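Hi everyone, thanks for making time. Let me put the structure up and walk you through it.

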Amino acid sequence: RSCGGLAGAPAVLLLRTRDLFSLPFPLSRPVLTSLTLQASLRAWRFLLLAERFPLAPRSPLSPHGQWKARAAREKRHRRLMEELGIKLEVLPDGRQRWHGCDKSTPRCFGTIHAQTPEYLVAGRWTPPCCLRALRLTALHVVAELEAAGARYWLEGGSLLGAVRSGDLIPWDYDVDLGIYRDDVPKCRWLAAVARTGRAVEDAQGFLWEKAAEGDFFRVHFSRSNRLHVDLWPFYARPGGVMTKDTWLGHPQDVEFPESLLQPLVALGFAGGVAKAPRDPRAFLELKFGKGAVENPEYPNPGVRRLEQDLGNK
């Protein structure tokens with residue numbers, strides 16, 4: 001949060017030299033804002049005093065000079081947010097200012113290695129701007145599938161997040177939906193991709209395409225920002241077992257009885273509502289094992305375990 005008590009105010013800060021230079025960005029400008037943000041992460045407290053040192057008198061700035069000063073302060077502030085890796089700033093009046101990715105920029109992290117994004121390796125969870133983009137993409141895809149009358153459902157970690165909290169898992173990097181393969185032609189965007197093999201950008205700037213890794217579809221937040229929803233086409237083979245044609249080797253990537261899926265139910269998800277298997281807990285325990293809902297864990301505990309970070313959240 002921004003500190004309204006210090007913003008723009010003249011101040012004298014008394015701090016031990018060893019404490020100041022123990023910070024990762026001790027003299028980043030604007031110094032006062034930089035120090036308060038870094039100190040808050042260490043639970044340091046500042047004492048604001050009513051008295052202050054007198055300021056030397058200055059000639060008032062011209063309107064143009066005032067504009068230049070405001071622009072310079074804003075530029076330093078945004079540079080500081082980027083340097084500190086802050087994606088979302090909550091202002092003193094409650095308004096939000098975003099500094100992270102959007103539709104016109106790449107996402108905030110690179111390629112995923114061993115199911116582990118770089119922010120997890122660094123001991124952080126998904127940047128809030130990336131979570132926002134994932135929510136918007138998921139809700140957009142769900143709305144398109146609902147309007148088309150296509151049968152779909154929350155899959156994998158996305159279903160886990162919906163059951164646990166009605167939202168994405170806070171360290172997730174994509175959204176997974178299952179869809180009946182026979183219903184793919186009902187959605188005009190999926191039908192166009194399947195027919196031409198080329199990516200299609202819809203009116204809201206979301207990019208629909210066939211995934212390079214196999215027989216499934218992917219919907220990106222935009223051409224520039226590749227945060228995405230994966231759509232997995234399933235079909236029933238003899239015996240009523242749901243299967244698909246592409247398997248990526250994930251432990252939870254298994255076949256399941258259609259009776260565990262139907263009838264689909266509504267479940268709160270990402271600020272909206274999405275379809276889910278009729279018994280989400282049984283569905284998840286088939287895929288992830290007993291206690292999957294109550295015992296969260298990162299996608300690849302061999303790289304990093306959730307318990308390493310729980311004390312820092």
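**Starting from one histidine**

So, let's begin at His 140, which sits in helix 5, residues 128–148. Helices here are DSSP runs of H or I with at least four residues, strands are runs of E with at least two, and both are numbered from the N terminus.

Before I go on: this is a predicted model, where local features need pLDDT of at least 70, side-chain atom pairs count only at pLDDT 80 or more, and totals for chains, interfaces and linings use all residues. Residues are numbered from 1 along each chain as its sequence is written, and side-chain values use heavy atoms, with hydrogens and water left out.

Back to our histidine: is His 140 buried or exposed? His 140 counts as buried because its relative accessibility is 11%; buried means under 20% relative accessible area, exposed over 50%, and partly exposed in between, using a 1.4 Å probe and protein chains only. And what does His 140 touch, if we skip neighbours within four places in sequence? Asp 202, Gln 204, Phe 206 and Trp 208, with contact meaning heavy atoms within 4.5 Å.

Now let's zoom out. The chain has eight helices and twelve strands, and 40% of its 313 residues are buried. Look at contacts between residues at least 6 apart in sequence: 56% of them join residues at least 24 apart.

Then the domains. The assignment, which is automatic or from a database, gives domain 1 as 2–82 and domain 2 as 118–311. Their centres, taken over C-alpha atoms, are 44 Å apart. Overall, the C-alpha atoms fill a box of roughly 85 × 45 × 30 Å along the principal axes.
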